[in-house]
Amino acid sequence: GGDPAADRQKEKEADTIEILVDEFIKRGLKQKGNRSWKEYKRNLDKDVLPAWRHLKAKDIKKKHVIELLDKIIDRGAKNQSNQVFKIVRRMFNFAVERDIIDYSPCAGLKPPSPTVVKDRSLTDDEIKTFWHGLDKAYMEIEIKRALKLILVTAQRPGEVIGAHSSEINGNVWTIPAERT
């Protein structure tokens, strides 16, 4: 009474990495209010899905994770390899919690390369050039003001753009904890 070919196709598609990525983004990040879900998705789309799209999550082994991270390092993106590792590890932990897989292939693995901390900052001349260059730039005045506020406060763009007058008391801007 059933369709064996359709059943085999469903089994073939079940729990692929592509489906796991979608589920992880939807239920593991978006539903929990993680504001970085777009960045996670971008990393997964760029580095993970091209390599593993049609593989089943349960078939991914530690060796696959190491090979994926090595490819990223080989193209000269050491920090990116660490970022992808953190995301993949979190995704597989989500899969274990949801009983999609029995164990995480990331268990026992450490980030593949030491984190390179960038300590570059603008020089005084670069700050002056940026500040005065904004006055001549072809963009909305609100954007120019936001960029200057980002520069002088060292706040993230999202925090500056989301600023509300109720957060400002005299010369003090207090960003609510839920926005930081």
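In this predicted model, the largest nonpolar core comprises 29 residues, and the members that touch the most others are I17, F24, W52 and F92. At least two residues of this core come from each of helix 2 (17-30), helix 3 (37-52), helix 4 and helix 5. Helix 5 provides the largest share, namely eight residues. In soluble globular proteins, nonpolar side chains tend to be buried together.

One of the core residues named above, I17, shows which parts of the chain meet there. Apart from neighbours within four places in sequence, I17 is in contact with V48, L49, W52, R53, L55, A57, I60 and F92. Two of these partners, W52 and F92, are themselves among the core members that touch the most others.

Attention may now turn to the pairing of helix 4 with helix 5. Helix 4 spans residues 62-74 and helix 5 spans residues 78-97; their axes come within 8 Å and cross at roughly 155°. Because angles over 145 degrees count as roughly antiparallel, the two helices are described as roughly antiparallel to each other. The crossing of helix 4 past helix 5 is right-handed. On the side of helix 4, the contact is formed by V65, L68, L69, I72 and I73, while helix 5 contributes K78, Q80, S81, V84 and F85. By type, the residues of this contact comprise seven nonpolar, two polar and one charged.

S81 counts as buried because its relative accessibility is 0%. Leaving out residues up to four places away in sequence, S81 touches L69, I72 and I73, together with P112 and S113. Of these, L69, I72 and I73 belong to the helix 4 side of the contact.

Methods. Residues numbered from 1 in each chain as written. Predicted model: local features only at pLDDT ≥ 70, side-chain atom pairs only at ≥ 80, totals over all residues. Heavy atoms only, no water. Axes fitted to C-alpha atoms, helices over the stretch in contact; angles between N-to-C directions. Helix = DSSP H or I, 4+ residues; strand = E, 2+ residues; numbered from the N terminus. Parallel < 35°, antiparallel > 145°, perpendicular 65-115°, else oblique. Left-handed = near helix turned anticlockwise from the far one by under 90°. Contact = heavy atoms within 4.5 Å. Nonpolar A, V, L, I, M, F, W, Y, C, P; charged D, E, K, R; others polar. Core = buried A, V, L, I, M, F, W, Y, C linked by side-chain atoms within 4.5 Å. Buried < 20%, exposed > 50% of the residue type's maximum accessible area, 1.4 Å probe, protein only.
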